[in-house]
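Here are my notes for anyone opening this structure for the first time. Have a look at it, then read the points in order.

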Amino acid sequence: MKVLLTVPHAACLPNSPRRMCDKRAFEAAIILRNALLSHQKKGLIKEVTVYANKTVPRSIIDMNRSVSRGTLWRMQLSELLQRQPSFDWVVDVHSFPDQHAWGQKKHLAFEFLYDLPHFPHWFRRLLLDQFAPEKFRTGRIGVDLGKNNDIMDEVLSRSQTRNPSTKVFLLEVNEDEQVFPLEEMREKLQDLVSFIVKTIKVQ
Ligand SMILES: [Zn+2]
């Protein structure tokens, strides 16, 4: 299995007058990558690529919107997505401030494009049934329909013709370390990876 982790909002420049990056998204992607690679020996994971935008702040251009498709970062992403064999999973990794609409002390949030016909319904069901319920009770996980997530859109439009089984979702982590301490973030992301690896086995 080949996995791509995209981090479009990782350009965090010091002393910015306004919020322009996802402060913990890159850190979360690295934790995810390491957790995925820990399954490499069992032959389940073949390759994990982290593709982050660390140069262009969101206040200049939002790399997760269609307007950014002509930028170097997006064009290189398109090249990555065209390579064969294609990625089996793409996770678009973000972080949000605790005051965000996702907030309310949430730890993780997921977005899917589950209205599209080729969206893997089984995955959403598995996620909701097997991974989320316990955490839903604590109110720490949000799940929403993805809107305006152009990276997901591009992955899915390419996968229709290239690899119909490519799965993609957007993951958000709370960037307030008081609310979501590093150890807990590591634990939950490892849980998520174990869940994903389990879904590979049941396929
Ligand atoms: Zn973001």
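1. A term to start with: a residue is buried if 20 or more other C-beta atoms lie within 10 Å of its own, exposed if 12 or fewer, and partly exposed in between, with C-beta atoms placed from the backbone. Five of the five residues of strand 4 (residues 108-112) are buried, so strand 4 is largely enclosed by the rest of the structure. Helices (H or I, at least four residues) and strands (E, at least two) are DSSP runs, numbered from the N terminus.

2. Keep in mind that this is a predicted model: local features need pLDDT of at least 70, side-chain atom pairs count only at pLDDT 80 or more, and totals for chains, interfaces and linings use all residues. Residues are numbered from 1 along each chain as its sequence is written.

3. Back to strand 4, where both faces are covered: Leu 108, Phe 110 and Phe 112 are buried on one side, Ala 109 and Glu 111 on the other. Strand 4 pairs with strand 6 (residues 167-174) in the antiparallel sense, over four bridges; pairing takes at least two bridges found by DSSP. Opposite Glu 111 you'll find Leu 170 of strand 6.

4. As for the whole chain, there are five helices and six strands, running β-α-β-α-β-β-α-β-α-β-α from the N terminus. Of its 203 residues, 39% count as buried.

5. Now Val 93: which residues does it touch, leaving out those up to four places away in sequence? They are Leu 5, Thr 6, Val 7, Ala 25, Ala 28, Ala 29, Leu 32 and Leu 171. Contact here means C-beta atoms, placed from the backbone, within 7 Å.

Conventions
Contact = placed C-beta atoms within 7 Å.
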